[in-house]
Amino acid sequence: MTAHPALDLADAIASQLADPDVPRSWAVPAYGQHLAYGPPGIALLHIERAARGLGPWQRAHDWLAAASRQPLTSGPDSHPFYGAPALAHALACAADHLPGAYQSALESLDQQIMIDIGRRLEAAHRRIDAGRLPQLAEFDVIRGLTGYGAHLLHRSPDGTTTRAVLDYCVRLTEPLTDQDEALPGWWTETGPSGNPDDLFPGGHANHGMAHGIGGVLAFLALAARRGTVVSGHHAAMRTIVAWLDRWENRPGPAWPCWITRDELRTCRVTLSAPRRPSWCYGTAGLARAQQLAGLALGDTRRRIRAENALVAALADADQLKVITDDGLCHGFAGLAHLAARVADDAHATTVDRIRAAIPALLDKILPAGGALGSGDPGLLDGAAGVALALIAPSTTTPPRSAWDSCLLIA
């Protein structure tokens with residue numbers, strides 16, 4: 001099958017990002033350790049291209065070296081997208097294809113990451129034992145234990161620490177009581193930013209893949225599909241999907257980005273404008289999480305319903321017009337990549353409709369032309385993420401590297 005012309009845009013971006021030492025309006029040291037904005041994320045583009053034979057491994061090595069120029073941050077100031085874990089993800093993706101390469105560095109990073117995870121788990125269990133509500137950064141994909149779990153599934157899928165994180169995720173789904181009200185265990189007392197917010201008195205339950213329970217569901221499902229299951233594992237997945245079922249909106253179906261305390265009390269979601277169907281929030285990410293849960297639980301009905309939710313979102317002009325950029329996190333390229341990932345696992349009744357919608361998404365990106373200018377070159381919102389996200393849907397073949405495992409969509 002002929003590749004979509006969007007692949008030419010990915011090639012152009014990769015060429016523009018070939019050398020980390022070319023002067024630009026952004027400085028490598030400022031974002032040197034950040035997976036979302038800096039060299040580790042850009043390295044992922046060149047790793048995937050090299051794994052496909054589309055570019056030299058030297059480019060990937062140069063960007064990994066750029067990410068290592070400053071002393072790496074670990075401990076409380078690091079998280080899955082910053083510091084030692086961010087570089088470890090990129091190194092691991094390269095090492096998968098270069099036997100023997102980067103092993104010493106990876107072993108050193110993994111040792112520190114295991115220590116950091118242990119400290120975080122101890123703090124999380126103390127919090128649960130005390131009956132306190134969590135912070136988003138305790139469990140989310142970007143900053144929390146679910147993001148660490150993504151790395152563990154790649155590096156040590158059946159390891160003791162991986163199972164410890166899964167045990168924690170099971171506990172996270174157990175209800176808590178606050179002000180005499182029963183709340184899901186992932187309810188936070190802040191707004192979606194992670195900070196106190198007058199718009200969220202009493203806090204909220206976050207549904208997103210990046211910062212909410214969607215990411216936890218995806219992690220549990222991916223672990224189960226790999227054969228790593230802990231006590232209460234399947235029950236925890238069923239608790240999460242039952243919660244999402246409770247707040248499902250139709251037509252679509254679709255799910256709100258979060259639930260406020262007033263909505264919980266009234267059992268009604270406040271009507272709002274359509275939300276963009278993206279990875280971080282919205283129907284696309286949650287559809288993938290629920291598809292994975294359906295596959296892990298052997299629940300074909302749920303799997304198909306999740307896939308139909310994505311089909312509906314891809315055909316919904318009101319949802320699509322809310323998308324305002326091309327990026328991986330919440331833009332058209334990210335949506336195309338998610339659709340391709342869902343299609344790879346889709347039921348025979350939905351796969352053709354999902355694949356048929358992808359070219360139109362790619363067509364929306366082509367006017368960008370590939371010129372970086374002074375824009376963001378990074379993974380989540382920038383050019384490297386656009387280029388990475390274009391490859392699989394343009395070629396109709398899954399990624400060759402594990403670059404998107406950090407998003408918990410595969």
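This is a short tour of the structure, stop by stop, with something to select at each one.

**Before you start**

You are looking at a predicted model, where local features need pLDDT of at least 70, side-chain atom pairs count only at pLDDT 80 or more, and totals for chains, interfaces and linings use all residues. Residues are numbered from 1 along each chain as its sequence is written, and side-chain values use heavy atoms, with hydrogens and water left out.

**Stop 1: the whole protein**

Show everything as a cartoon. You can find 18 helices and four strands; these are DSSP runs (H or I of at least four residues for helices, E of at least two for strands), numbered from the N terminus. The radius of gyration is 20 Å, close to the 22 Å that the globule rule gives for 410 residues, so the protein is as compact as a globular protein of that length. That radius is taken over C-alpha atoms, and the rule is 2.2 Å times the number of residues to the power 0.38. Along the principal axes, the C-alpha atoms fill a box of roughly 60 × 45 × 40 Å.

Of the 410 residues, 59% are buried. Here, buried means under 20% relative accessible area, exposed means over 50%, and partly exposed is in between (1.4 Å probe, protein chains only).

**Stop 2: helix 8**

Select residues 145–155, which form helix 8. Is this helix mostly enclosed or open? 10 of its 11 residues are buried, so helix 8 is largely enclosed by the rest of the structure. Among the buried ones are Leu145, Tyr148, His151 and Leu153.

**Stop 3**

Side chains of opposite charge can pair when their charged atoms come close. A salt bridge is a side-chain nitrogen of Lys or Arg within 4 Å of a carboxyl oxygen of Asp or Glu, and by this rule the count comes to 23.

Select Asp110 and Arg155 to see one, with the closest N and O atoms 2.7 Å apart. Asp110 lies in helix 6 (residues 103–129) and Arg155 in helix 8, so the pair ties together parts that are 45 residues apart in sequence. Asp110 is buried at 12% relative accessibility, while Arg155 is partly exposed at 28%.

**Stop 4: Asp129 and Arg171**

Next, select Asp129 and Arg171, whose closest N and O atoms are 2.9 Å apart in a salt bridge. This pair links helix 6, which holds Asp129, with helix 9 (residues 160–172), which holds Arg171, 42 residues apart. Asp129 is exposed, at 59% relative accessibility; Arg171 is partly exposed, at 24%.

**Stop 5: a salt-bridge network**

Select Arg261 and Asp178, which meet in a salt bridge (2.8 Å, N to O). Arg261 is in helix 12 (residues 261–266) and Asp178 in strand 1 (residues 176–178), 83 residues apart. Which residues belong to the network here? Salt bridges that share partners join Asp178, Glu181, Arg261, Asp262 and Arg265. Arg261 is buried, with a relative accessible area of 2%.

**Stop 6: Thr260**

Finally, select Thr260 in strand 4 (residues 258–260). Thr260 is buried, at 17% relative accessibility. Leaving aside residues up to four places away in sequence, Thr260 touches Trp187, Phe200 and Gly203, where contact means heavy atoms within 4.5 Å.
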